[in-house]
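Please look at the model below before reading on.

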2 protein chains.
Amino acid sequence: MKQVRFGIVGIGQMGGSHSEWLAGGKVENAVLTAVCDVNPQKKEWAAEKLPQDVKFYDNYIDMLDSGEIDAVLIATPHYDHPVIAIEALNRDLHTLVEKPAGVYTKKVREMNELAESKPHLVFGMMFNQRTNPLYQRIKEIVANGEIGEIRRTNWIITTWWRPQAYYDMSSWRATWNGEGGGVLANQAPHQIDLWQWICGMPTKVRANLQYGSHRNIVVEDDVTAFVEYENGATGTFITCTHDIMGTDRFEIHGDKGKILVEGSKKVTVSRLKESETELNEKMTFADVANLFRGQGMSDLMDVEEFEIPDQWGTQHINVMINFTKAILEGTPLLAPGTDGIKGVTIANAMHLSSWLGQDVEIPFDEDLFLEELEKRKAEELEAKKEAELETV
Amino acid sequence: MKQVRFGIVGIGQMGGSHSEWLAGGKVENAVLTAVCDVNPQKKEWAAEKLPQDVKFYDNYIDMLDSGEIDAVLIATPHYDHPVIAIEALNRDLHTLVEKPAGVYTKKVREMNELAESKPHLVFGMMFNQRTNPLYQRIKEIVANGEIGEIRRTNWIITTWWRPQAYYDMSSWRATWNGEGGGVLANQAPHQIDLWQWICGMPTKVRANLQYGSHRNIVVEDDVTAFVEYENGATGTFITCTHDIMGTDRFEIHGDKGKILVEGSKKVTVSRLKESETELNEKMTFADVANLFRGQGMSDLMDVEEFEIPDQWGTQHINVMINFTKAILEGTPLLAPGTDGIKGVTIANAMHLSSWLGQDVEIPFDEDLFLEELEKRKAEELEAKKEAELETV
């Protein structure tokens with residue numbers, strides 16, 4: 001294969017951009033040959049925006065069976081991600097899935113197991129923020145042990161402001177039946193993936209979610225989650241969609257140093273010359289007093305500051321370039337598809353903790369999660385029916 | 001009365017400083033006439049460091065009964081704070097109590113009720129950080145409604161680094177029987193008071209405490225707490241004593257603005273021209289895109305930055321000046337004694353939440369708290385006995 005022929009399922013907001021980037025030649029050795037959408041109006045959009053030879057399908061099975069594509073990019077609503085990926089993998093197509101990998105881990109696991117049985121296929125996740133050199137550098141610093149064993153992680157990421165008008169744009173938005181959640185399903189998966197990619201998976205989750213906080217929606221739009229890691233380290237993850245002055249502050253505290261990322265742009269890395277464990281063993285309380293009132297910390301640590309500007313506009317294209325190279329040249333994937341289950345696991349654990357009002361250990365009972373989710377889907381449908389009857 | 005004659009109970013680390021400040025004339029119209037300590041070695045210290053006419057007592061009841069003092073400053077271990085305050089108030093002495101007000105709310109409530117029945121007495125708490133003009137200014141901004149109704153509060157205050165040597169200095173430190181807790185009883189009460197002073201009392205608490213994290217102690221030295229307020233706002237409070245590169249970051253997010261305090265020194269106040277509630281009603285998703293990719297937030301808000309340097313050295317003296325003026329001139333107290341119960345309530349709720357592994361509503365069952373505390377005190381004594389037997 002010299003060129004990868006792409007088909008895209010779902011040409012809404014993200015899928016539309018992906019198709020224009022591919023059609024515009026932004027990805028070397030990749031060509032857009034087909035797009036698919038269940039919305040017939042999208043056919044007109046495709047005719048207007050995409051080259052004439054890009055074929056439009058209104059049924060993704062037909063596109064997968066067409067023989068016209070080598071790879072599929074799935075950019076549909078979340079529930080369908082693993083469903084369509086399974087169909088694509090079963091047809092031996094390389095598969096790239098928009099985040100999140102799915103709504104619930106049970107289905108994502110099924111997708112992953114199939115993908116693992118097809119090692120000749122490239123299976124990737126559109127975790128575009130993994131292409132950000134800033135987070136790549138942070139991951140490297142942590143993985144190198146430069147800040148020692150992690151003790152605490154804190155991410156406050158409330159820059160996902162969305163007004164009511166956003167939620168009112170489509171009836172599936174911010175619903176249990178349409179998205180399977182709110183900020184945890186739609187906006188925060190980016191940071192949840194980076195958080196676990198850099199700091200590892202937690203083993204216990206306790207989350208406090210607020211549903212429809214300052215917005216007329218039924219799903220969560222305000223999250224405060226506490227996690228524990230296997231080594232006893234702790235973490236918090238805070239996100240919401242109602243803070244127009246949003247904060248983005250990620251701090252990782254280790255035995256040998258600390259990393260602070262502000263605004264996904266400015267990085268401060270403090271590296272202790274001796275680990276806290278060693279300092280704790282030898283320092284007296286008089287040393288502490290000197291430290292905080294007098295001499296300061298400069299003798300004990302070095303501080304490095306740097307900025308890496310935001311690359312948002314090219315992140316998605318870079319994932320597609322990486323995915324295409326993986327197919328053509330065997331380049332390792334930045335975001336293997338099977339990684340997608342990690343963020344879904346964390347988000348599911350947060351939902352489950354909130355629903356049950358208790359700590360949730362990872363791995364959790366996937367059937368229980370699904371049962372609780374189905375309850376909320378059914379309640380939502382019931383409420384919708386009642387509302388429709390009232391307006392009759 | 002033209003001058004207030006002070007007696008100090010407990011001349012350890014803090015009480016020793018207080019007695020030197022008073023004896024040194026730092027507080028106008030206040031004079032130190034007596035000190036008291038159960039440790040006989042402190043008599044030598046007093047003879048050496050304090051003026052000859054300052055009388056030394058080894059029994060605080062004798063000092064309270066002496067007729068030589070008008071006011072008492074209590075700087076003993078925490079459990080004794082309300083016990084001694086009750087004796088002092090019963091003898092119609094003005095009473096100033098070191099923080100925390102006590103170890104458990106039940107006893108603090110008894111002290112408060114007595115104080116309320118004696119309105120002719122001045123009853124104050126040594127919340128020295130309330131004298132910091134920075135926090136006075138923040139309180140004013142919030143109370144004025146300049147940032148609107150509060151939606152979220154976050155305080156990460158991990159600058160309380162203490163090495164093992166600190167804990168090993170005295171056998172009562174960081175024990176259930178000696179202090180009734182760890183960082184929540186000793187270090188963090190300062191910020192817990194400021195937090196509730198500025199943002200109000202929470203109505204629900206969920207805390208994850210780690211006991212003896214990276215230190216050989218039995219009490220908590222690592223706290224991650226989640227709270228909810230009556231209006232649905234949320235908050236987190238994070239503290240620990242094992243972070244030598246400690247963070248001090250306090251953020252208050254309101255409907256009309258945001259306050260960020262970094263290092264108890266640098267303040268950034270963002271004020272929205274229209275409230276988020278109003279912006280939410282009128283902005284479209286296209287506006288959001290413009291906001292975050294193009295024009296930025298400058299049209300929507302004003303940002304004020306200022307720094308107020310640390311006043312630590314004079315904070316305690318300022319509390320004593322305020323307390324003395326309250327006695328002589330009726331000046332309002334910055335920190336009324338009855339306010340002390342608020343921080344103890346929050347700290348107790350955090351302990352109880354951790355012990356029970358569940359959410360704790362405020363007000364909580366004070367008897368249950370005491371029962372759980374007594375369990376830990378008994379276990380600690382048992383373990384101590386066993387350790388002593390082993391070394392015989």
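This is a predicted model: local features need pLDDT of at least 70, side-chain atom pairs count only at pLDDT 80 or more; totals for chains, interfaces and linings use all residues.

Residues are numbered from 1 along each chain as its sequence is written, chains are lettered from A and ligands numbered from 1 in the order in which they are written, and side-chain values use heavy atoms, with hydrogens and water left out.

In chain A, domain 1 covers 4–128 + 314–334 and domain 2 covers 131–310 + 344–349; such bounds come from an automatic or database domain assignment. The C-alpha centres of these two domains of chain A are 30 Å apart. Contact, defined as heavy atoms within 4.5 Å, joins 18 residues of domain 1 of chain A to 19 residues of domain 2 of chain A.

The size of an interface is often given as the accessible area lost when the parts come together. Buried area is here the accessible area (1.4 Å probe) that two parts lose on being put together, summed over both. For domain 1 and domain 2 of chain A this is about 1,500 Å², with 54% of it on carbon and sulfur atoms. On the domain 1 side, α5 (105–116) and α11 (312–329) of chain A each supply at least two residues; helices are DSSP runs (H or I, at least four residues), numbered from the N terminus. The most is given by α11(A), with 3 residues.

The count of salt bridges between the two domains of chain A is 0, where a salt bridge is a side-chain nitrogen of Lys or Arg within 4 Å of a carboxyl oxygen of Asp or Glu.

The text now turns to the chains. Chain A and chain B each place 60 residues in their contact. Together they bury about 4,800 Å², 58% of it on carbon and sulfur atoms. In chain A, the residues that lose the most area to chain B are Ile244(A), Met245(A) and Phe285(A), which together account for 16% of what that side buries.

How many salt bridges does the rule find across the interface of chain A and chain B? There are 8 salt bridges across this interface. Lys258(A) forms a salt bridge with Asp243(B), and their closest N and O atoms are 2.6 Å apart.
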